[in-house]
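I opened this entry to keep track of what I looked up, one topic after another. I began with the contact between the chains, then went on to domains, a single residue and a pair of helices.

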Amino acid sequence: MRRKQKKALARIIIAAALMLVLGLLSHFTNINEYVLFALYMIPYLVVGYDVLWKAIKGIGRGQVFDENFLMAIATVGAIILQEYTEGVAVMLFYQIGELFQSIAVGKSRQNIADLMDIRPDYANVEAEDGSLVQVDPDTLEPGSVIVIQPGEKVPIDGVVTEGTSSLNNSALTGESLPVDVAPDSSVNSGAINLSGVLKVRTTKAFGESTASRILELVENASSRKAKSENFITKFAKYYTPAVVAAAVLLAFLPPVIRLLTGADALWSQWIYRALTFLVISCPCAIVVSVPLSFFGGIGGASNAGILIKGSNYMETLANVDTVVFDKTGTLTKGNFEVTGVHHSPLEEQELLRLAAHTESHSSHPIAKSILKAYGKPLQPELVSDVEEIGGHGITARVDGHEVAAGNDRLMNRLGIDFHDCHSIGTIVHMAVDGLYAGHIVISDELKEHSREAIAGLKEAGIRKTVMLTGDNEATAQGVAAEVGVDEVHAGLLPADKVTIVEQLLEKTAKGETLAFVGDGINDAPVLSRADLGIAMGGLGSDAAIEAADVVLMDDDPLKIRKAVRIARKCMRIVKTNITFAIGVKLLCLVLGAVGIANMWIAIFADVGVMILCVLNAIRCLFVRKL
Amino acid sequence: MKTYKIFVDCANCANKMEEAVKKTDGIADANVNFMALKMNVEFEEGVDEKKVMKQALKNARKVDDDIEIDF
């Protein structure tokens, strides 16, 4: 507790104790009315002097409808009506509520700060005599060499130059399984070095490094407000004046009507009812709990490796109904591997050798996978006359043979008879000296959790899952069948993806949204066109962090379901709080107007509801089990 | 857009503070984040930011005494 909170607590305890004594005193003895009044003023002023003072200053500045003013009027009114206990109690409970709110908000701020405790404070630089000097990481230029000892945080993104170790990325990705690093591995700031000493050459400035970027994003997240937050601001603007106006009417209108009809005016009864109105009028419960819920949800999610860039996206995420996936890098690993060599009449190794040499100048992932499958050093002197035919393949002269490697279009173009292949994947046909020599099948591996992720989304009530890919129809259908998506569109260029997403957007029902999940590379137009862009594998990819609304720090597709669940839980809590708080308040207003609810019930409607809503809002922080 | 550290007591005060800062001359838009205790301010073009922030703080204090803005 901070000093201010301790002081408030002390005042509350003193006032409560005094009230107890006074209660007993007035019950068992017969004190003079004026003395009793004077005695009650002691706890009243102890607990409420600051509220009264603020109210007076507020009036001076024309701030009539703030909660201090309302509380002051309500309690002073009650005391004038000689309801001393109630007047003091309202002030006492109001202060308890304020204290509670301040502690709760402070605690969740602290919680989230702890969860996001990834900001590195220093970097070790080796001095000339070999000793380590701690410096401010902000002062280091990219390309500096830093030393990271076991137990320390990686301060700046970079590449390992010396040493091996394992890193704990859990603060960044939510994944607690350590990752092994060795020279040439890249490391992200915010990760914790577990075992060995590492020397790292930095590749970025501190401010551009992963940890700084994540923190910036999370801290700015709640500045993009959700609809329900804006609703609350508007609601609060009209609600308080409306209730105050109603209170004034309630205080004067019925007594005047009664006077006109010749009945007894019952002034004090109607004024008491009006005062109850004022006690209920503070919108604190909602005004505090709604931003607290979003803050907690965003904080909890980022701890699980899911960055949500604003409360508004939390809302969109909760309403997701259609999820569109990019195939490569999202549902599949994006590592192409040779999965089959169907050869004749050459031997497998010979076919691979020719293919590898033919493709040796290409940087295409397909070429890389063939080189990897060949696995032996190349002899560049054997290769000549390389010609790359875009969209078809490559022809070259290798070791005295005319070799062609490419798709069916290349074979047709060269007039070579080829066998079609039924394997799923990309097929590279080979022709040697004008004769067909078989083909190499290259396919992408599914991610471990892809199937589970799609099933999980279905289970979570997502109506439709769609997969888009630039790959051929057969591969696309194969992957789709394996993971279980509802709809597939294959052979797409990046622009076609936008068109298809637009068509799907038209089909989504009102109030429901479409999310596009991509790996952030080449996806920017689609990510921004969808209602919600989710980028995967954000760790280290600036493009993804920039373009998407939600960033999944690691590339596990299961996180999509988790993100949806976190958002839904958060929105559910927000809605419950709004309904509960407004409901209880309206009910109490009605009961107060007809005289059933007294000031004690009004106190519950104000402070009790606020405490319940805040406690409920704090639940948003807990997302581990979702 | 600039980000300032702020201090404000209660969520409702934060809303009111946002309104007050928004209405300050020279400020195009402002956004108070109660939970992170931060405020994003967008200035109109060519204004003296320090001077504008001084006025903004003054306006904010009219709503609530306890408001602080670091600038």
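I looked up the contact between the two chains and noted that 13 residues of chain B and 16 residues of chain A take part, a contact being counted when the C-beta atoms of two residues, placed from the backbone, lie within 7 Å. The model is predicted, and I kept in mind that local features need pLDDT of at least 70 and side-chain atom pairs count only at pLDDT 80 or more, while totals for chains, interfaces and linings use all residues. Residues are numbered from 1 along each chain as its sequence is written, and chains are lettered from A and ligands numbered from 1 in the order in which they are written.

Helices (H or I, at least four residues) and strands (E, at least two) are DSSP runs, numbered from the N terminus. By class, I recorded six nonpolar, five polar and two charged residues on this side of chain B; Ala, Val, Leu, Ile, Met, Phe, Trp, Tyr, Cys and Pro count as nonpolar, Asp, Glu, Lys and Arg as charged, and the others, Gly among them, as polar.

Next I turned to the domains of chain A, whose bounds come from an automatic or database domain assignment: domain 1 (1–115), domain 2 (123–152 + 156–208), domain 3 (303–332 + 447–567) and domain 4 (333–445). The centres of domain 2 and domain 3 of chain A, taken over C-alpha atoms, are 32 Å apart, and their contact takes six residues from domain 2 and seven residues from domain 3.

I then checked A:Ser170, which is found in helix α5 (residues 170–173) of chain A.

Last, I looked at helix α14 (residues 450–459) and helix α19 (residues 558–593) of chain A, which pack at an angle of about 25 degrees with their axes 7 Å apart. The two helices α14(A) and α19(A) are therefore roughly parallel to each other, a term for angles under 35 degrees.

Definitions and conventions. Axes are lines fitted to C-alpha atoms, for helices over the stretch in contact, and angles run from 0 to 180 degrees between N-to-C directions. Angles under 35 degrees count as roughly parallel, over 145 as roughly antiparallel, 65 to 115 as roughly perpendicular and the rest as oblique.
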